[in-house]
Number of protein chains: 2
Amino acid sequence: MFMGASTDEGLEIAKRSRDIVREKIKEYIKNFSEEELEIVERVVHATADPEFAKLLVFKNDPIKEGVRAIKDRVPIVVDVNMVKAGVRYENIICPINNKETLELAKKENITRAKASMRVAKNYIDNGIVVIGNSPTALLEVINLVEHHNVKPRLIIGVPVGFVKAEESKEKLLNLDLPIITCKGAKGGTPVAVSIINGIIAKALGGKA
Amino acid sequence: MFMGASTDEGLEIAKRSRDIVREKIKEYIKNFSEEELEIVERVVHATADPEFAKLLVFKNDPIKEGVRAIKDRVPIVVDVNMVKAGVRYENIICPINNKETLELAKKENITRAKASMRVAKNYIDNGIVVIGNSPTALLEVINLVEHHNVKPRLIIGVPVGFVKAEESKEKLLNLDLPIITCKGAKGGTPVAVSIINGIIAKALGGKA
């Protein structure tokens with residue numbers, strides 16, 4: 001398995017893609033460690049958008065911490081089922097459509113994504129959080145860390161959108177935890193999935 | 001339900017986002033019909049990437065044809081489970097991990113995505129195809145149409161990547177079928193999902 005490919009034709013495409021990605025982001029390569037660069041390449045490969053080499057931010061040794069946490073088989077809490085469908089890992093928590101989440105969202109008049117993070121609180125503590133879509137989910141994770149004594153081992157926070165996404169990611173970077181995020185409005189499921197799958201591959205013996 | 005939001009807070013974010021999207025793509029608005037513009041807005045909302053207003057192409061009345069096909073409850077064949085997870089529809093076919101697909105991929109030494117389209121051939125004929133990731137899957141759909149008498153009612157082909165994606169989308173546009181695609185290397189799951197969900201919402205009474 002290499003960047004999601006498992007057949008000869010898939011491998012050939014993935015390898016040619018990586019060469020093209022390296023050429024397209026060459027001016028940013030110096031900004032990253034070797035292991036960070038592997039993640040950046042995966043994101044640019046997944047999105048065909050070299051701008052992510054300008055936008056991605058790594059804080060507090062997040063890859064090393066993430067690899068350790070995956071080796072400990074901690075749960076990965078995600079915001080939406082699209083992210084869940086892309087992550088190659090057994091223990092994924094995604095309560096967005098749980099009855100408890102829907103009731104809490106209705107009762108408190110908040111988004112389902114925000115409510116789902118409250119519902120997943122005990123998994124987020126000492127777990128990994130991956131937010132690919134919802135700014136309100138990420139803001140709730142930040143709230144849990146700041147006010148409810150919750151401490152994730154890694155937060156990958158790359159919500160997308162013109163409303164609240166940029167603000168949520170700026171707030172995320174104020175936390176003193178291992179973090180991977182991206183600046184600006186861009187982000188999304190493929191960004192989130194390619195980052196966490198890169199860390200999982202590194203932890204569980206796949207090739208990066 | 002409005003652009004995926006169902007709570008007051010979610011609706012508020014979606015509406016503010018749409019106003020921002022309209023402002024960001026205003027120079028391209030004149031290129032689209034009203035119903036095309038709804039789809040373009042959804043894609044830009046989902047990706048926070050206004051460039052898609054330059055890249056999206058609609059051929060042979062694809063929204064109208066797609067709405068009719070959805071009202072007929074035709075199957076939607078998709079290339080990967082991330083796309084499946086995002087689409088709000090009952091009848092979705094995604095054989096990428098089927099035993100038959102894995103065996104065919106191994107035997108023919110082709111990608112799993114390509115093999116999965118051969119496996120889904122009878123659903124693609126008179127069905128809707130949504131390719132969000134794999135250029136080889138899209139090339140196989142084109143092959144099925146050109147050489148195996150298969151006729152989908154709508155093809156949404158937005159694979160992503162620097163290898164084969166652009167080429168596959170150019171070939172797609174040679175077909176005389178209802179098509180939605182985007183030029184260049186960009187595309188991906190959120191693009192595919194926001195397009196088909198827009199059409200489903202239009203067909204089944206949701207708000208666009």
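Me: What makes Asp49(A) and Lys186(B) a salt bridge?
Reply: A salt bridge needs a side-chain nitrogen of Lys or Arg within 4 Å of a carboxyl oxygen of Asp or Glu. The side chains of Asp49(A) and Lys186(B) meet at 3.8 Å, N to O. The label therefore applies. Across the interface of chain B and chain A, the rule finds two salt bridges.

Me: What does the model rest on?
Reply: It is predicted: local features need pLDDT of at least 70, side-chain atom pairs count only at pLDDT 80 or more, and totals for chains, interfaces and linings use all residues. Side-chain values use heavy atoms, without hydrogens and water, residues are numbered from 1 along each chain as its sequence is written, and chains are lettered from A and ligands numbered from 1 in the order in which they are written.

Me: Why is Lys186(B) called buried?
Reply: Buried means under 20% relative accessible area (1.4 Å probe, protein chains only), exposed over 50%, partly exposed in between. Lys186(B) has 10%, so it is buried.

Me: Which residues of chain A are in contact with Lys186(B)?
Reply: Contact means heavy atoms within 4.5 Å. Thr47(A), Ala48(A), Asp49(A) and Lys186(A) are among the residues in contact with Lys186(B).

Me: How much area do chain B and chain A bury between them?
Reply: About 3,100 Å², 66% of it on carbon and sulfur atoms. Buried area is the accessible area (1.4 Å probe) that two parts lose on being put together, summed over both. In contact are 40 residues of chain B with 40 residues of chain A.

How values were computed
Lists of a residue's contacts leave out its neighbours within four places in sequence.
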